[in-house]
Amino acid sequence: MSSVIDSLNAPQKEAALTLDKDVRIIAGAGSGKTRMLMARIASLVDNGILPWRILAITFTNKAAREMKERLQTLLQDAARDVRISTIHSLCVRILREDASAIGYPKNFTILDGDDQKSMLRTIYKELDMDRTTFPPSAVLGKISGWKTAGYSPEEAQDQTDGPEAKAYELYERQLEDMKAMDFDDLLLKTRHLLGTNQEVRDKWQNRLDYIHVDEFQDVDPVQYDIIRLLKRPDAFLCVVGDPDQTIYTWRGAAVDIILNFARDFPNTRTVILNENYRSSQTILDAANALIAHNHGRIEKDLFSSIESDRKIETFQAQDESQEPLQVARDITRARKEGLEYRDIAVLYRSNYLSRGIERVLGKLRIPYRIYGGIRFYERQEIKDMLSYLKLITEPDPEDPAQKSLDLAVMRVINVPRRGIGARTVEKLQKEAADRGLNLLEVLRDPQTVSGAAAKKFAPFVELVDEMKSLRASVPLDELMMRMAFDSGYMAMLKDTREEDREENIEELQADIRQALQENPDLTLEEYLQDLSLFTDRDEEAGNAVSLMTVHAAKGLEFEQVHIVGLNEGVFPSLRAMEEAGRDGLEEERRLMYVAMTRAKKALYLSWNSGYSFQLDRHKTPSRFIQEIPEDYVKQESTPLDNYPVHKSPQGQSRKSRGRAPKPTTRLRKGDHVEHTVYGAGVVTDVQKDIVSVAFGHPNGVRKLNMHHPSLQKVKG
DNA sequence: TCGGTCAGTGTTTTT
DNA sequence: CACTGACCGA
Ligand SMILES: Nc1ncnc2c1ncn2[C@@H]1O[C@H](COP(=O)(O)OP(=O)(O)OP(=O)(O)O)[C@@H](O)[C@H]1O
């Protein structure tokens, strides 16, 4: 053990070995905060503190998993018992034990974003709201803001002229009715429980002697309250963070919490870490120079002993389809020089920017793993199957009404088509509300729906009952598959030839089977309970390039990092700047700081030029590129010749780059095209050489130069 | 009342 | 293109 502490530098040691005070570590990127945290936990266990009396709160499930794995190598079996989780998982843990104290069943439902949206759909109908004037995501954001700030629907009424406050009221009422919680509720209800119920609070306080919080700069006031409620007066808190890495203020994070920490905890030792062990001096200097453009920050003099004469490489791609090619070339090159794919990451501001990269990496057979975006358990067919399974769960004795079934019923009642349409569902809902039943109960015994319509319910109800009766004899994974077939869902997929969806359902079966292997007594109820929390399966990444947003890359490190899409308006995001002005820009800059400091040895920054028909002006490089002093930067300009770019069917060569493009076949309205970044699309309008192309979700209609090589005509 | 067509719309970041 | 709401024929 002592070796773990020995591997720390002096201030890290001080922080790790201060066990009789609260500790706050404020330090820049890569200065070994997380490493210190781990050493501290290891040393606590070594000093006889019982592992389960130690809590560590991480920001993501991935970070929790990683910390657990690394502790395993330090502590072997004892590591298993250290409580390591995100604050949301911790709250679920607390609530599943004692939710009854605040009027919830222990197996309350957790809603994910999809469920929230489908609730809004019903509410929109009721309030006659339309989704263009009130984008659901914006309304959900508003509701979340009100909830978290502690405004009741009545109080929210004063803050808007629109119907949003009313929507908020209905939303809350429906949640209450279903005994369900959204992600905000997990925190709010936990705070409420701990704050009002001394028994529960004492129980948890007496369980925990040492509480650690990683990424403390992104904690919000509600989370902070929970942390304080968990801390017994003689327990110790150890928080770690970097104010320059605050990137979640848009969802309530408050840097002031870490800055003013010592005010709330006077017995605090503050430790500053100045040496960066991750990045080369060049990368670090560049990142420091960038973040220095922000105002009102605490200056840090972060240094690195990793000398390197390797500069940061920037390049301007000819257009958005060239950028991924150049990235791929640099990845291939690095690989030839001995780097593994797993040592490389491609980072971007928003998820949609991954598409072009994916396309090219896939084509060139460079293995990659994408993090974020639409995750496994969020896929439509997976959620559909999970909804079918939900229908055959038994109600919690504390929630006999089981109204949370309604979400599942609404989702699959007419998928595949059973002739039960919107009108009928509306009637069913009304009847359910009037009779105080859930939708499944109404389906069994409808009283307000005409006989003809009601006849269509029987097969559905029979399916549910049939599956219910099989629960005792058929293993869960097989039960799910039977459900998929007997419901007609699989046949529907076959009909529409959606093979990848079929495959995903088979993967779901494998996932359930694996869960059963880990816990043979697993019940269906348990399996479904916390899935919304774990939106991704933990599968081996293998040796693959990592693709993710900068937000998702927080806390990680890679030998080589590519930051792509560094265009003004993209990164920094125009929306962020419009919404929050200078604060927005500064948060974007912190985001860029986080991105750059993920790199150990090599950093590539790229943007794509060309004309943006959207903005009606030429694209420009991100100001962040210009904020990096030239000394640290090398402009890359190696042409792409000799790189295995796929040849276009027309035999166009890359030599035409920059030249007036040779006229290809003229595109006409209705033509089907394929774009290297946006994928398949249809021409909707032609103005001289500018075509409007409608691409698939979420790209929408884009105006493009019809002769551009990234656009190819394909057969309809 | 269902479900087929038609026209209009459509980008942050995540637990 | 994918998704939604409006409209209309069965
Ligand atoms: N004292 C040390 N000696 C050598 N290497 C160290 C030391 N402390 C940390 N490191 C290494 O430096 C890298 C960064 O450490 P760590 O991830 O703990 O930093 P961090 O401060 O948490 O970074 P971030 O703010 O980006 O989350 C890791 O590879 C870690 O192993």
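**Notes on the salt bridges**

1. Arginine 297 and aspartate 244 form a salt bridge in which the closest N and O atoms are 2.7 Å apart. Arginine 297 lies in the loop between helix H15 (281-291) and strand E10 (303-304), while aspartate 244 lies in the loop between strand E7 (236-241) and helix H13 (256-259), so the pair ties together parts that are 53 residues apart in sequence. Aspartate 244 counts as buried, its relative accessibility being 4%.

2. Please keep in mind that this is a predicted model, and that the structure holds 59 salt bridges, among them the pairs described in these points.

3. Glutamate 97 forms a salt bridge with lysine 203, with 3.0 Å between the closest N and O atoms. Since glutamate 97 belongs to helix H5 (residues 87-98) and lysine 203 to helix H11 (residues 198-207), the pair ties together parts that are 106 residues apart in sequence. Glutamate 97 is partly exposed at 23% relative accessibility, and lysine 203 is likewise partly exposed, with a relative accessible area of 29%.

4. Glutamate 97 and lysine 203 also belong to a network, in which salt bridges that share partners join them with Arg93, Asp98 and Arg207.

5. Lysine 179 and glutamate 176 are a further pair, whose side chains meet in a salt bridge at 3.5 Å, N to O. Glutamate 176 counts as partly exposed, at 41% relative accessibility.

Conventions
Residues are numbered from 1 along each chain as its sequence is written. Chains are lettered from A and ligands numbered from 1 in the order in which they are written. This is a predicted model: local features need pLDDT of at least 70, side-chain atom pairs count only at pLDDT 80 or more; totals for chains, interfaces and linings use all residues. Side-chain values use heavy atoms; hydrogens and water are left out. A salt bridge is a side-chain nitrogen of Lys or Arg within 4 Å of a carboxyl oxygen of Asp or Glu. Helices (H or I, at least four residues) and strands (E, at least two) are DSSP runs, numbered from the N terminus. Buried means under 20% relative accessible area, exposed over 50%, partly exposed in between (1.4 Å probe, protein chains only).
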